[in-house]
Each structure stands twice: as C-alpha cells, then as structure tokens.
Amino acid sequence: MGDSFLESERVTRKKRIDPKLKHLGWIVTPYFLGMDTSQLNNHAVEEYPTENGPADYALFVDGRLIGILEAKKVTVATINTLEQAKRYAKGLVHSIGTWNGYMVPFLYSSNGEQISFLDVRNTQNLPRPLADFHTPQALKESFNRNFEVALKRLHDTPNDGEFMRPYQKKAVNAIEATIADRKRKMLVAMATGTGKTFMAVNSVYRLLKSGAAKRILFLVDRKSLAAQTAVSFSAYSTPAGNKFNQEYELFSQRFRKEDFEEGDKFDINVLPNEYLTKPDATKTFVYVATIQRMAINLLGKSAVFADENNDSEHEEADKLDIPIHAFDIVIADECHRGYTSQDASVWKEVLEYFDAIKIGLTATPALHTVAYFDQPISRYPIEEAILDGYLVDYNAVKVNSGVRMTGVFLKEGEQVEKINPQTGQLSIENLEDERAYDSSKVEREVTVPDSNKKVIQEIARYALDFERERGRFPKTLIFAVNDVSHVSHADQLVSICKEVFNRGDDFVVKITGNANVDRPLQKIKMFRNRPEPKVVVTVDMLSTGVDIPALEFIVFLRPVKSRILWEQMLGRGTRRCNDINKDSFTVFDCFDGTLIEYFKNVSNFKFEAPGTPAVPIEEIIRRIYNNEDREYNVGVLVKRLRRIEKTMSADARLDFAVYIPDGDIGAFANAVPRLIKNDFGPTMKLLNNKDFQRLLVNYKKPPQTFYVAREQEDTVYSEPVFNVGDRYLKPAEYLVAFSEFVKTHKADIDAMKVVLEKPKGWNTQVLRDLRKLLLQNHFQEPDLRKAHNLVYHKSLVDIISMIKHADKKEPLLSVNERIDKAIEKVFGDKILDSAQQEWISYIKEHLVTNLTLEEDDFNDMPVFENHGGLGRFKRLFKQDYKILIEEINAAIAA
C-alpha cells in the first residue's frame, strides 16, 4: 500500500495544501487570540474560530474574510465535504456581509489533490472542481464583480447584430440564457459552413460589452484556423461602427505570412506572457490560440498532440505558471478534436484547468464532447441548413471496384514488384506460392495500379460530362489511403490523374503533411482561390477546418470508420459558392456505396466513441509491482509480450537475449505469471529495468514488404444513387419512389393539385411551394432531372412533366418543349407584328429559366427591363396583357 493511505489530515495540510496556497501568494499563519484581522492581506489563517468549530483555513483579502477552506486527508474524496465548510461559514461571528445565510461568499474543500469550490452568492451556483486554488487577486476580483448587473445588461441589449442569420441569433440567445442559469459548460452544434465563428464573434462582443466577461480565450485546433479566427475578430464591425480591436484588445499567438489568405488585413498583437501569468482585473481582451499551444503553456512540450510533434510552429512556446482565473470564458472551436483518446485527454485537461465558463462549438459532437459539455443547447444540423438554402446537398455515385471490395489474390508464378518501404529498393520477383490480401490490406501491403487507374478514369468520365454540361471542370478532392515514402498511394494517384486528365503538371497536386510537399498551406490557398489546381489528392490534411467553397467532387478512395471524420470530410463540399452558382456537390464512394450506406444517418449528429488509449507498458509493470489488480495487469503484460513475439526481428531476439534466455519473448510470456507468483523480486527487478522497458517499446521489427501487382486487372463500374430519407436508391428505384410520393399526396397538397387538376392556378408562388415541398421530402429538382435522363434518356425534363408522368405516365417534355407548346397554344392563332413577335421571344427566354410569368417580372427581370419593361409590354399587347399572363401560365401547367 502507498504511504498516502497512512497520511493524517495534518500531514496532508502541511505536505500538500500549504505549499499550493503559498505558491499562489497566500500567507499561511496560525490563528491566535486577539489577532487583528483588519490588518490581514492575502492570509490563510489556520484553525479560525466559528460558533460551529474551528475552520481549517479562513481566507482574508484586504482585511476582509471572504473564504473558508475545509481540509481533509488525502484519502478522503472532496465531493461531499463542502457541507462542513458550509457549517463553519454559517457560524462566523464577525462578517462583512451575509449571502443566503452564509457569512462568507467563497467555500472550498480539499484533500490536497482534489479541490471543490462553491460561490454561495447565488442559489443557482453548484459546487465545481478546480485544478488549483484561487489566488488572493482572483478572489478579490470575483468579490468586487457584480455579475447580476452584467447579466441584466446583457439581457436588455437587443440581439440584432448586422448580418446575423436567425439560427445564429438563436445560438447566441441560448448561450446567454445558459450563462444566466449559472451553467458553466455548454455546447453549440452548427453544421460545417454555417458560420460558427461569426456567431461566436457576435456572442463574444455582447459578453464583453455587457461586462459578463472580461478575459476570453478562443481555442482552435490548427494554426491556420487560429489565423482565420483572428482575422474574423479584427474584421468584425461593432454596432458603434468600430472594428473589434478598436474597442477591445485582441491578441493571438505568433503567425507567419503564409497562415493568412491573400489580401487579409491583419493588425493583431501577440499576447504578452504577463496577461497569462498575472491576470489584471482592469484588462478586457480576447486571446486566440491553438489548443496545442495552450497545452504547452500549461503542461509542457510533452503535451503536444501526436500529429503535431514535428511542427516547428510551437517551438517558441514554453510552460508558464498560469493561475486558474486567467480567463473567465473559454471557447473551444471544432471541439470534436480528439480522434485519439490521448488527444482527447490533453484537450480535456486544458479545458478543465481554467475556472471559467466553457463554450464548445462543433459541427459533429463526439462522445467525449457530449460527455464533457452535455447535450447541445442549440443545434443547426446539415439537413436544416440545406433546406434553408445556406448549404448545398450532395449527389452520390457508387463506384464498384473488385479489388477494393474483395481484395487481391496473387497467383503462384505471378510477376510482382517487391518494394522495401524503408529504403525504396525495388526488385522483380515471380511468386513461388500464392498470396491472398483482403481489402483492408490494399494500398497498405499491396497495390494494383490497374485498379487505381480505372477508378480515376471513371471519375474523369463524370468530370468531363460535368464540364460539357456546366462549362467548367469541377474542383475535385481525392482522399487517398496514405502518403508513405516509397509506397505512397497519394503519389500514385497524382501520377495517374496527371496522365488521365492530361492538362499539365499544375492541374493536379498533392497536399499532405509529408515533408516532400512544399508549402502545403500555400497550396490549399491556391486550390481555394485560383483556377488551378483543379484536382487535389490528400489523406487527412484537408479533412477538417479548410473552406473550399468551389469544391464540387469529393472522391473517397480510402476507407473511413469515424462518423466525425466522415461528416468533416463531406463538410468540405457543403458550402455554397455563388460565384459558380453551385447547387450541389458529388460524392464518389469507391467502395460500392458501403461508406454512404454506413453513414447514411450522419446528418443527425450521431456520436462516435473515441478509442481506448493503450496503457504504456511501463505503467502496467508499475501496477503489477504496486499490487494494483495484479492478476488482470499480469494478463495484460502477457498479451503485450505476445504482440512483441509476433512482430520482432532476429536482431531483436539478440537484443532481448541480454535479459532473457535466447531472447525468446514467447517463452518468457509463458513464464511471466509463474515467475511473478513464485520469484517476484528478481522478476520485478528485470521488468523495472529501464533499458529493458525501452527495448519492450522500441524493439527492432522485420522490414515490411510492399507488392505492386501490375499483372492484376480490376473491374470498375459506377452508378449514381439518390438519397430519399435513410435510403440510397438507384435511378429507376428513385423514380418509383417519386411516383409513389406523387400518387400518395396529390389529393392533399395544393401545389400538386394545381399541376394535375387546376392549371389556371399556376403561378410563381405555387412553383416555389412545389419545389420546397419536394426538397423537404428528398426529391430535389436536379436529382429528378438527372434520374429521368438516366432512365428515360430524356434531358432537361421540366418539373411539371415529372409530376404528370409520375401520376398518369403523361409524356415527358423538356423545359423548351413545354414553353414552345404553351406559347403556340396562346399565340398560335393570333396575328402578331414584328415587335410583338420579338417580345414573345423575350417571354420564352424568361420562361425557360423561371417557368412562370408575373406582372412584376416585366420591371424586375433584365430581359424585359432592358427592352422597355411593363410599359412597353402594355403598349404592345394593350388591354389584353393581364389576360395574356394568365393564359400563358395556365398553358404552361396544362
């Protein structure tokens, strides 16, 4: 058993609590009779008398008693021990005030390792854990601050920020209401691309302006996002007509020029360390930083996330002595961060350190996110954003590849290229025995160039069709399996794309974190802002936090198992791009639609559990030595040794032979349970040997082999699929579902009744209602048009024809055919002069795009306005013009 189990409360106080208090500026002193407490400043007085017994510590600031600290020995949990502090707080004789029956506002309970705190001034406040005690300055600031007045000011200020959308205002209201309810953790979920940052900047400004907050930390998970966020703050125009940093100090970590977009204006100062280490109650500011940098400031450089270890951007960061009240609000953007449990642990430790209100912003709440913040207080999901027109939906194409679905079978005698992944050394071999690789090994242990080429050729077919139809080549993002030196799937795809598309070297680029990619952030900006590259191959770098509004094709050539990662990847395409009139994007699932099927409910924000972190082997050994659940941990150790046995090289056996007979890890694994039971001392001496522990982690492994199967041929084909609720349907199935929908609802939907029964009621509002209704039921007009073209080989079918054909199999007409037919019906028997005929051509041009005609159109639409507008139309068609408009609309719907 550890010494802590024998530790008394007095020892806990002297060994654990007193040093913490002294480090934070408290002067620990014993109480004595006749003590003049009015002279005490920053003092923690031991054994301070109350009518209900002596309090372990009474906290004085500027001669005022404002806190009680109850100490417990280290083995006692603090969760319920605040009750004793409450009793002492009610029994104080000399007090500066009373708060709900308590004579001091701040109560603490601690066992030296855990600290519980309660501010009793408001009955809604609940006890909360702290990472450390407050400094005397922190308690003084909190005591002098009138939070109630600030909240009233916040409530009374209209939430009418310029350019704010309704759902953003709703999120701001939810944040403020939750803070008013004295909740200290909250989560806002908004779909990627719907303006979380802009909403947050508005919220921050309101919190600062009201005085509800003074020091706000805004955390993001990438340096490029920190730069974007800092620019968003500096560009924000306040209600007074100022820029944000003209009213409040705005700080960031140090950036480089390439962290910003071309043309970005940036006037933000680097945060002085004193703002962190010596919080000043007179300062009001926002600090934008990466969570990685803050982790270094709090925990040291060992806390940098695994994928940031080689990133020089944090080299100047150091661990700092930061008090827990450095910020009173912490906002964590993209707080789904934590694809590994190690990352999630660091993420949580950083957030927990500060005694602050925490606001999480995310598009994809992960299990660890919800576990920390609780359920979102405001949601704006993808599907709702698409219906509201703020995001675009995606079309889906299933690409079937035999290699990716069933794997690779190499026959005896087949010639293959054998590559050493470490050195790149290549040799040609004829296999002496057959080998089978399941689909999970493709691009990891074996590659079939023919498969990759045929998949890219299939994508190219869609891209070229798109270019012919839209007049532009679709910006395309391809997710590869890996970018590992010598056997890089990304490199192979780049080479194939350059060959297949044949549009020059700059048309296709690779953007990954590989050292062989020059200035990847600059390449991302070029992809976003310039005509080329048109095709980018990546692995993870563009999966989150990067805006490419013009992106129209996303190709999945790598399997995805995380819902969070899937939705983040799809989020690259959901953004609108008015410059190209983007109405949708296309997802190519190169695993025969299995990814789409698996993640079909992703827009409902399903929660993904992070993986369990592997306990370090030295920790397992420590637990065995300390007799902590020994039988279980011995079993874990044996399993780890088995893994080593299966993956060690001959050289590793020689290294292990220094410690165990013949370096035979398998035999040692068999013997470990018996050795620990019967020969504990010598066995633990070996296991605790640091050199032996290092060898258990860093043992030599055999060289891996990677095969290039050039003789293998793949069969690849594709077909579009359409989303209807939770189903993905083939084109013919999609039209059957549409026909069933029309027949089921034609009697109870007014817009459909007009199309099928009352054509004289056809007008612009009916068309809008009809399109909205179809969209809400997963029948988008472009999808319906595409499906009719694929099934009936009829292009540009109009929406009226679709409904009539679905109901009674009436002939399908293109938009042009319907307009020609309607105009002929209305004007066919009329004698028209040349001016009237010219105006009929203008009307036809308008109807091809709009399918209805309204009187207001003649003054609003350029095709009419440029030729005299409504006045000219009236003069040409005289008193018949209103009747003509009605007849044209009725003829269109007939």
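The structure is a predicted model, in which local features need pLDDT of at least 70 and side-chain atom pairs count only at pLDDT 80 or more, while totals for chains, interfaces and linings use all residues. Residues are numbered from 1 along each chain as its sequence is written, and side-chain values use heavy atoms, with hydrogens and water left out. The chain has 36 helices and 29 strands, these being DSSP runs numbered from the N terminus, with H or I over at least four residues for helices and E over at least two for strands.

**Whole chain**

- Taken along the principal axes, the box filled by the C-alpha atoms of the chain is roughly 115 × 80 × 50 Å.
- Of the 894 residues, 53% count as buried, where buried means under 20% relative accessible area, exposed over 50%, and partly exposed in between, with a 1.4 Å probe and protein chains only.
- The chain exposes about 41500 Å², of which carbon and sulfur atoms supply 48%; accessible areas come from the Shrake-Rupley method with a 1.4 Å probe, and for residues only the protein chains shown count as cover.
- When contacts between residues at least 6 apart in sequence are considered, 69% join residues at least 24 apart, a contact being heavy atoms within 4.5 Å.

**Helix α6 and its two partners**

- Two packed helices are described by the angle between their axes and the distance between the axes. The axes are lines fitted to C-alpha atoms, for helices over the stretch in contact, and angles run from 0 to 180 degrees between N-to-C directions.
- Helix α6 (residues 196-210) packs with helix α7 (residues 223-235) at an angle of about 50 degrees, their axes being 10 Å apart. That makes α6 oblique to α7, given that angles under 35 degrees count as roughly parallel, over 145 as roughly antiparallel, 65 to 115 as roughly perpendicular and the rest as oblique.
- The crossing of α6 and α7 is right-handed; a crossing has this label if the near helix is turned clockwise from the far one by less than a right angle, and is left-handed if anticlockwise.
- In this pair, Thr 197, Val 201 and Val 204 of α6 meet Thr 229, Ser 232 and Phe 233 of α7. By class, the contact of α6 with α7 has 3 nonpolar, 3 polar and no charged residues, where Ala, Val, Leu, Ile, Met, Phe, Trp, Tyr, Cys and Pro count as nonpolar, Asp, Glu, Lys and Arg as charged, and the others, Gly among them, as polar.
- The axes of helix α5 (residues 166-180) and α6 come within 9 Å and cross at roughly 40 degrees, and the two helices are therefore oblique to each other. The crossing of α5 and α6 is right-handed.
- On the α5 side this contact is made by Gln 168, Ala 171, Val 172, Ile 175, Glu 176 and Ile 179, and on the α6 side by Phe 198, Met 199, Ser 203, Arg 206 and Leu 207. The contact of α5 with α6 comprises 7 nonpolar, 2 polar and 2 charged residues.

**Helices α32 and α35**

- Helix α35 (residues 869-877) packs with α32 at an angle of about 135 degrees, the axes being 10 Å apart, and α32 and α35 are therefore oblique to each other. Their crossing is left-handed.
- Ala 835, Gln 836, Trp 839, Ile 840 and Ile 843 in α32 meet Gly 869, Arg 872, Phe 873, Leu 876 and Phe 877 in α35, and these residues divide into 7 nonpolar, 2 polar and 1 charged.

**Backbone geometry in loops**

- Leu 851 lies in the loop between α32 (834-850) and α33 (857-860), and has a positive phi of about 65 degrees although it is not a glycine. At 4% relative accessibility, Leu 851 counts as buried.
- Leu 796, in the loop between α29 (781-792) and α30 (799-808), has a phi near 55 degrees, a positive value in a residue other than glycine.
- A cis peptide bond with omega of about 10 degrees joins Glu 532 and Pro 533, and Pro 533 lies in the loop between α17 (520-529) and β24 (535-538).

- Leu 493, in helix α16 (residues 489-501), counts as buried at 0% relative accessibility. Residues up to four places away in sequence aside, Leu 493 touches Asn 452, Ile 456, Ile 478, Ala 480, Val 537 and Leu 557.
- Asp 714 is found in the loop between β27 (706-708) and β28 (716-724) and counts as buried at 4% relative accessibility. With residues up to four places away in sequence not counted, Asp 714 touches Ser 401, Gly 402, Val 403, Asp 450, Ser 451 and Lys 454.
- The C-alpha atoms of Asp 714 and Val 455 are separated by 9.3 Å, although these residues are 259 residues apart along the chain.
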